[in-house]
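Student: I am new to this kind of model. Could you show me how to read it, one feature at a time?

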Amino acid sequence: NVINTIFFFIVMYTVIDIETTGLSKNYHQITEIAAAKIRKGEIVETYQTLINPLVRIPHFITKLTGIDNHMVKDAPTINQVLPSFIDFLHKDIFVAHNATFDFGFLNHNLKVHHQQNLLNERLCTKKLANRLLPQLERKRLQDLCQHFNINNSQAHRAMGDVQATALIFNNMLTILHEKGISKVKDVLKFEKSPVRHEK
């Protein structure tokens with residue numbers, strides 16, 4: 001069974017997604033974190049919380065995510081949330097779509113509030129898509145969902161995007177396996193390999 005063979009090598013990882021008040025980790029704040037712990041290709045545990053950003057959420061962000069100021073007013077702050085999130089993530093590989101964004105925001109807040117750094121290995125489904133699917137014109141999460149025929153009914157909410165990313169990554173692991181790339185170190189190396197553009 002191909003799937004079992006793949007996950008024999010990459011058995012433990014956590015898929016993460018965050019929602020924020022904007023694009024800059026230095027100026028904007030996290031409003032939601034979701035994560036799914038994957039074991040042998042199956043979601044075995046999930047983590048999800050809204051976060052009070054302690055600033056007003058811009059209207060265009062509410063329009064995009066559906067998260068408004070009222071929803072987060074009684075939510076915990078990022079300072080309160082991070083310890084439980086770090087416990088959940090533990091030493092797993094950090095998997096996300098555009099992982100630099102999610103990892104960057106979380107690491108920045110961890111440094112600011114807890115004087116710690118995220119030390120987890122990370123894999124990015126966007127970077128993998130650049131190498132595995134060069135024929136796709138765009139590599140947004142919605143483009144990959146369309147390519148793999150995945151229905152993300154809660155796009156731009158953290159858990160909806162986590163579940164979609166987990167399915168995308170599952171498909172990518174199958175393609176990687178077919179290319180003879182199955183071990184964690186080889187997938188990490190492949191993600192950093194030069195991108196070959198389709199002519």
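Student: Which residues of α6 and α8 meet?

Tutor: Start with the terms. Helices (H or I, at least four residues) and strands (E, at least two) are DSSP runs, numbered from the N terminus. Contact means heavy atoms within 4.5 Å. Here Thr125, Leu128, Ala129 and Leu132 of α6 touch Thr165, Ile168, Phe169, Met172, Ile175 and Leu176 of α8. By class, that contact has eight nonpolar, two polar and no charged residues. Ala, Val, Leu, Ile, Met, Phe, Trp, Tyr, Cys and Pro count as nonpolar; Asp, Glu, Lys and Arg as charged; the others, Gly among them, as polar.

Student: What should I know about the model itself?

Tutor: It is a predicted model: local features need pLDDT of at least 70, side-chain atom pairs count only at pLDDT 80 or more, and totals for chains, interfaces and linings use all residues. Residues are numbered from 1 along each chain as its sequence is written, and side-chain values use heavy atoms, with hydrogens and water left out.

Student: At what angle do the axes of α6 and α8 cross?

Tutor: Axes are lines fitted to C-alpha atoms, for helices over the stretch in contact, and angles run from 0 to 180 degrees between N-to-C directions. The axes of α6 and α8 (residues 158-178) cross at roughly 35 degrees and come within 11 Å. The crossing is left-handed. That word applies if the near helix is turned anticlockwise from the far one by less than a right angle; clockwise is right-handed.

Student: How do α6 and α9 cross?

Tutor: Helix α6 (residues 125-132) and helix α9 (residues 184-191) have axes that come within 9 Å and cross at roughly 75 degrees. The two are therefore roughly perpendicular. Angles under 35 degrees count as roughly parallel, over 145 as roughly antiparallel, 65 to 115 as roughly perpendicular and the rest as oblique. Lys127, Leu128, Arg131 and Leu132 in α6 meet Val187, Phe190 and Glu191 in α9. This contact has four nonpolar, no polar and three charged residues.

Student: And how do α4 and α5 cross?

Tutor: The axes of α4 (residues 78-89) and α5 (residues 99-114) come within 10 Å, crossing at roughly 110 degrees. So α4 and α5 are roughly perpendicular. From α4, the contact takes Ile78, Asn79, Leu82, Pro83, Phe85 and Ile86; from α5, Leu106, Asn109, Leu110, His113 and His114. Seven of these residues are nonpolar, four polar and none charged.

Student: Is Ile67 buried or exposed?

Tutor: Buried means under 20% relative accessible area, exposed over 50%, partly exposed in between (1.4 Å probe, protein chains only). Ile67 has 1% relative accessibility, so Ile67 counts as buried. Ile67 lies in the loop between α2 (59-65) and α3 (69-72). Its C-alpha is 8.6 Å from that of Glu32, though they are 35 residues apart in sequence. Leaving out residues up to four places away in sequence, Ile67 touches residues including Glu32, Leu50, Val72 and Arg157.

Student: Where is Thr21?

Tutor: Thr21 sits in the loop between β1 (12-20) and β2 (30-39). Thr21 is buried at 5% relative accessible area.

Student: How many disulfides does the structure hold?

Tutor: A disulfide is a pair of cysteine sulfur atoms within 2.5 Å. The structure holds zero. Cys124 is in none; the nearest cysteine sulfur, that of Cys145, is 14 Å away. That is too far for a bond. Cys124 is buried, at 4% relative accessible area, and Cys145 is buried at 5%.
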